[in-house]
Amino acid sequence: MNYLSAESLSKSYNDRWLFKDITLGIAQGEKIALVGENGTGKTTLIKILTGQVKQDDGVVSLRDGIKLGYLTQQPQVAPQLTVKEILFDDKNKIAKAVGEYEECIHDPNTTPERMQHVLELMEELNAWDYDAKVQEITGKLGITDLDQKFKELSGGQKKRIFLAQMLLTEPDLIVMDEPTNHLDLEAIEWLESYLSGQNITLLMVTHDRYFLDNVSKSVLELDRGKLYRYNGNYAYFLEKKSEREEMLKTEVTKARNLLKKELEWMRKQPRARGTKAKYRIEAFYELKDVASQNLKRDKLELDIQEARQGGKIMELHHLTKSYGDRKMVDNFSYVFKKKDRIGIVGKNGIGKSTFLDLLTSKTKPTSGEMIPGITTKIGYFTQEVETLNPTHRVIEEIKEIAEYITMSDGTQMSASKFLDTFLFPPEKQYNYIEKLSGGEKKRLQLMKVLITNPNFLILDEPTNDFDIDTLNVLEDFLEKFTGCLLLVSHDRYFMDHLVDQLFIFEGDGKIKPFNGNYSDYRTWLEEKEEAEKAPAVTKKVTEEKSGGKKKVTFLERNEFDQLPLEIEHLELLKSEFETLLNAGSTNHQQLADWSTEIGKLNEQIELKTLRWMELGELVN
């Protein structure tokens, strides 16, 4: 059964065709991803299909009785509305009844009569299953305060509210534009599971490659104004796209060679006849269309000189940051080393951005100290674009930093030429920043960070608003980057390819180092959960059957890799107390306390060293 059909759609802006004469259909149960470079018209096509924008030509048909759910990148409502009023729209009778029920159970002044009325209404509408769905969706998306006003929410909270609202309407066809932006990893994984496991019909635009691979069953590619369909997941699409582009190159090359001969024929004036063969003239113009296709793709080029990096990068000693009674970072110590590649993982609002602000001195710690190396030069890419002056032209923003940019080989490039390599051609360099798209602003912001030649890159959600091709180029650059890298990203593919260590933000300011990438961490968590569930007896029987020998688990191997980091951290703390003790103090109690701490640290170091040796026998 076809839910939505679009025939011969065309749309242009400022005398430029985004796409022309494209056709598509979405059948019941299909899960389709729409992909393409930034600026090809993906969001415009989505808006046409959902009735937000009018097409120039063509027809869009939604089957009678089909309920459409649409999640935009930047949804808006009246700022004074509460979360509850947004989630439980009055048009939805079941949602309204559940909203009233939620209100009653949270209000200690609810009368028995009102509660009885609400219970009867819930029974009448068969809304109990719906209530369970509300609890699941709001719980998994971290929506706890239903009385909070929309204007008080962060960007990420707003996105989760509208995602929940859309899912709770139980649409037959879901259309999503960048659904994973501003969601934390836990929420993304739940959404991925929810959309994969349900009998849902879905059309989505997303740059999250794991999400694409795990959810979509078909891919639509919008490229140079044409729409191509691939019946497979994202990996299949990449393979077939490469084949299509090679075939296109061959076709265009042949057409250009043939066009030279046909052009000579067109220029000649046949003496025997007054007119040329009509069919041949029509074929000439068709051939000309094929031959004139521009196969060149603008590609972002990242090639920046790094500042020299000394032996000391940055040391954190007992770093603590609190806002009132709420601890964002609690007593965290770490010594950054050369070529550290660290990812940061944790729920939204748990302190990740605060931690980055501490490292970059945008905010001051409540206690503890941070000691950067003399040669350490930080480049900080943030989620916000306030660092850009909207009244500046693009080239003015760059020339404020440097007229010439030093490349990795030592050569220099003018600001204008460098902008060109960042996909800002000369005609765009004099555009005002306020008129740039979200992706263009992010690209300019990244450029501003890189031209300062940093050797310690701190990136906060760099994947938002970048298309997949741009992300691939950024990944290549970061893989070759020899300085320190600290990365916050909800893009699991991006994290897996770039980091080999994690800082896990567990809440209440607790930060736990983990040796491995994000997929390693997920595997470790799953094995840990299984180990906690499995009875100790089963473990003992298994060991007895194998003659006392047991295969090393991923959990144990990870513990083996992690222990040297923990021992190093303890040795650092011990060294600090020894320095204090050697410096002397008139306070005898303080001297005794320091001595006690050193004793405790020695015990921990000894225990962890023994454990490391024990695991070493298993691993080796």
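Visitor: In which strand is Asn331 found?

Guide: Asn331 is found in strand β11, which covers residues 326–336. Strands here are DSSP runs of E with at least two residues, helices are runs of H or I with at least four, and both are numbered from the N terminus. Before we go on, this is a predicted model, where local features need pLDDT of at least 70 and side-chain atom pairs count only at pLDDT 80 or more, while totals for chains, interfaces and linings use all residues. Residues are numbered from 1 along each chain as its sequence is written, and side-chain values use heavy atoms, with hydrogens and water left out.

Back to Asn331: its phi is positive, near 55°, and the residue is not a glycine. At 46% relative accessibility, Asn331 counts as partly exposed (buried is under 20% relative accessible area, exposed is over 50%, and partly exposed lies in between, with a 1.4 Å probe and protein chains only). Glu170 sits in a loop, though, between α6 (155–168) and β6 (173–177). With a relative accessible area of 40%, Glu170 is partly exposed.

Another positive phi turns up in a hairpin. Strands β19 and β20 form that hairpin with two residues between them, and Asp508 in the turn has a phi of about 55°. β19 (residues 501–507) is mostly covered, with six of its seven residues buried. Six bridges pair β19 with β20 (residues 510–515) in the antiparallel sense (two strands pair if DSSP finds at least two bridges between them).

Now hop to the start of the chain. Three strands make an open sheet in the order β2-β1-β4, with antiparallel pairing. β2 (16–27) and β4 (57–62) are the edge strands, each with a single partner, so one side of each has no neighbour in the sheet. Eight bridges tie β1 (residues 2–13) to β2, and Ala6 has Leu24 in β2 as its bridge partner. Helix α1 (residues 42–49) lies across β1, β2 and β4, at about 130° to β1 (axes are lines fitted to C-alpha atoms, for helices over the stretch in contact, and angles run from 0 to 180 degrees between N-to-C directions).

Helices pack against each other too. α5 (residues 128–140) and α7 (residues 185–197) meet at about 145°, with axes 9 Å apart. On the α5 side the contact (heavy atoms within 4.5 Å) uses Lys133, Glu136, Ile137 and Lys140, and on the α7 side Ala187, Trp190 and Tyr194.

Last stop: Lys84 in helix α2 (residues 83–87). Is this lysine buried or exposed? At 18% relative accessibility, Lys84 counts as buried. Leaving out residues up to four places away in sequence, Lys84 touches Gly99, Glu103, Leu146 and Asp147. Cysteines can be tucked away as well: Cys104 is buried at 3% relative accessibility, and Cys484 is buried at 0%. Searching the whole structure turns up zero disulfides (a disulfide being a pair of cysteine sulfur atoms within 2.5 Å).
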